[in-house]
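Q: Before we turn to any single element, could you take me through how the features of a model like this one are read?

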Amino acid sequence: MADTVALFTSIGLSEQKAKETLKNEALSSALKDAIVQAQRVRGASGVDKAMGTLLYSMASRLKDTKRLAFLSDCIVQCKIITELQLAAALEFVKSHPQDPINQREFEEACGVGVVITPEQIEDGVESVIKKHKEQLLKERYHFNMGLLMGEARSALKWADGKVVKNEVDMQVLHLLGPKTEADLEKKPKVTHAKVAENEVKAKKEEVAVNGENYKTEGYVVTPKTMDLLKKHMEITGGQIRSRFPPEPNGILHIGHAKAINFNFGYAKANNGICFLRYDDTNPEKEEEKYFTGIKDMVEWLGYEPHAVTHASDNFQQLYDLAVDLIRRGHAYVCHQKGEELKGHNAPPSPWRDRPIEESLVLFERMKKGLFAEGEATLRMKMVMEDGKMDPVAYRIKYTPHHRTGDEWCIYPTYDYTHCLCDSIENITHSLCTKEFQARRSSYYWLCNALDVYCPVQWEYGRLNLTYTVVSKRKIIRLVEAGVVRDWDDPRLFTLTALRRRGFPAEAINNFCARVGVTVSQTTTEPHLLESCVRDVLNDTAPRAMAVLEPLKVTITNLPANSKVLRVPDFPANETKGSHTVPFTHTIFIEQSDFREVLEKGYKRLTPEQPVGLRHAGYVISVQKVIKGKVVELEVSCCNSETAEKPKAFIHWVSQPLVCEVRLYERLFLHKHPEDPSEVPNGFLSDINPNSLHVISSALVDTSVKGAKVFDKFQFERVGYFSLDPDSTADKLVFNRTVTLKEDPGKI
């Protein structure tokens, strides 16, 4: 028996799973034969875990064992590499019982050698959505999404179904945007037979995603799985449930925006719900400002959590489950020190096999505060995918908790808490970034070890941006070194910083949709995010005129001393409103809009060349240059309707407000400031000395006088700007959000 267990664990089965398999004589015999055959073919190369999973799945589903050796060979020769191909192979051998098997027909039927790339999936889904775009835009979320999925799956036969569905969901969300109240209203019944058939298909797709988690690759099925899933379905009614589970020990950044969009967006696109759950299991690092800040940012991005929950809501239940885990022989109290447990080659615990009753007594003593910090931990008897043995489930911390006070002195770890809170909340999909793939096996193991409902874990590639750092520790070092002011310094890529700089939430959501959800890690240039910002602000930011480096201009022949001009907020669509600005004989223009010597290609004001004034209806010509350095111009004006059309029109201000303007550039000089090969002396040595330029006496027209914090404007010909919280009644402060989308070399 021990030899067979060892054989089964050699292909990646847990010891518990191996022992359970032995109880099924037919399955045990088939799996043993499959492994022996596979090892014969693979030789010294061995059978890896992915092959082992397929061998187990094949052995448990194959009816005709005479095909076992053939299918085993196909798996270890990497002809069959996915569950989808295996299902096709099993169907083929079932429908072709005669010998010999036609190899060419078999490989064609099973997609052998066919590789579907993420780009092909994206293109395939895009093609399907383009085909139905007109109807989609008309019906929006009342459109039968099952039809899209069906056509996408037909076009991408060998693609991973869940990846295809993710792509469909994200592209639909990108096309239609979040659901409106009208989208949430029930569609009137249609009795047309074909439509009814499609609705049935869509419902099957929905149930398959939610109620058939056990079919997901890598999901561990136990004898109790189906009963637990049935109870889960009774509670949820088949509803999709996701969660966004941040640790309340720092401020959210741009990578979290992708997680928020995926978790909340996936639930919303499937008529589901999403929880905001604080993973508050480390009282030493948690502060109330982080709880508040996280919720503010989720809501700022436009999402409303179904409920706000805390891991600490479940402290008693988690403790009771830990006691149960010890009783089942899956956990033990250990006295190894923290230094000994670091890394992946920690020595085995000498207390691993201590008696269950002894661990129960010691765990109770841990709870009662009878050990010092670091003197004892509760560890789980399992090996994680990255090879780390027996992760810690509970540790001692004599730090009051922000919600439970001094009630507890032992706190659960992420590896223990995360999956159990998902189970308690009946989450259907635990969506997490790729680095948590190494914890997937522990996620499934713990739920199954305790015989509780087990959600499915899906991983996706995290979002990274160049020219920045986002880790809490490094941002704290930037603040402490005085490089940035705080977590919301507009040069950072925390969400509070982006909001302060003036990035609209809609633009960040659009950026996340444009980047998409893939398994591979994404590293993106900031200019792609800035492009999304410009797209939104171009339609939403009213125009104003501001002069950053003023040059005084006196119009000597203005017909009237002053007049009031009505200027459109959006010159391309004057129906969207307007504002007024004064126009007097004294105006201010940008210093760069005047040159004493006309140079080739320069189109603005010179002593020889007139220029038009935007919105004023006048063309001005230089009469006199007043200088040491040029300090003032005297000009004459004529009506633009009678004057020869000038080569350029420039902006100006008259009777303006004095304001402060902050211009931002990239904080770091290199793309990857954390990469020692690019920046050998560390990220703090890579600071761009020109990342912030403050202009204390810029001039802006009076239309912005009533602006509120975070209000956004396009300063014509200058850029997009947002009102900073440092503004006072006496002086407004504007942050440049992004430059205008024009050729930087234009003169």
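A: Let us begin with charge, for which Lys and Arg count as positive and Asp and Glu as negative, while His and the chain ends are not counted. In this predicted model, the protein chain carries 99 positive and 102 negative side chains, and the centres of the two sets lie 2 Å apart.

Q: What share of the 747 residues in the protein chain is buried?

A: Buried here means under 20% relative accessible area, and by that cut-off 51% of the 747 residues qualify. The protein chain exposes about 35,300 Å², of which carbon and sulfur atoms supply 51%, and its C-alpha trace spans about 105 × 70 × 55 Å along the principal axes.

Q: How many helices and strands does the protein chain have, and in which order do S4, S5, S6 and S7 form a sheet?

A: There are 25 helices and 26 strands in the protein chain, and four of the strands form an open, antiparallel sheet in the order S4-S5-S6-S7. Its edges are strand S4 (331-334) and strand S7 (410-412), each of which pairs on one side only, and the twist averages 20° from one strand to the next.

Q: Over how many bridges do S4 and S5 pair?

A: Two strands count as paired if at least two bridges are found between them; S4 and strand S5 (residues 377-380) pair in the antiparallel sense over four bridges, and alanine 331 has methionine 380 in S5 as its bridge partner.

Q: Which strands does helix H20 lie across?

A: Helix H20 (residues 414-424) lies across S5, strand S6 (392-396) and S7, and runs at about 60° to S7.

Definitions and conventions
Residues numbered from 1 in each chain as written. Predicted model: local features only at pLDDT ≥ 70, side-chain atom pairs only at ≥ 80, totals over all residues. Heavy atoms only, no water. Helix = DSSP H or I, 4+ residues; strand = E, 2+ residues; numbered from the N terminus. Axes fitted to C-alpha atoms, helices over the stretch in contact; angles between N-to-C directions. Contact = heavy atoms within 4.5 Å. Buried < 20%, exposed > 50% of the residue type's maximum accessible area, 1.4 Å probe, protein only. Areas by Shrake-Rupley, 256 points an atom, 1.4 Å probe, with all protein chains shown as cover. Charge placed at Lys NZ, Arg CZ, Asp CG, Glu CD.
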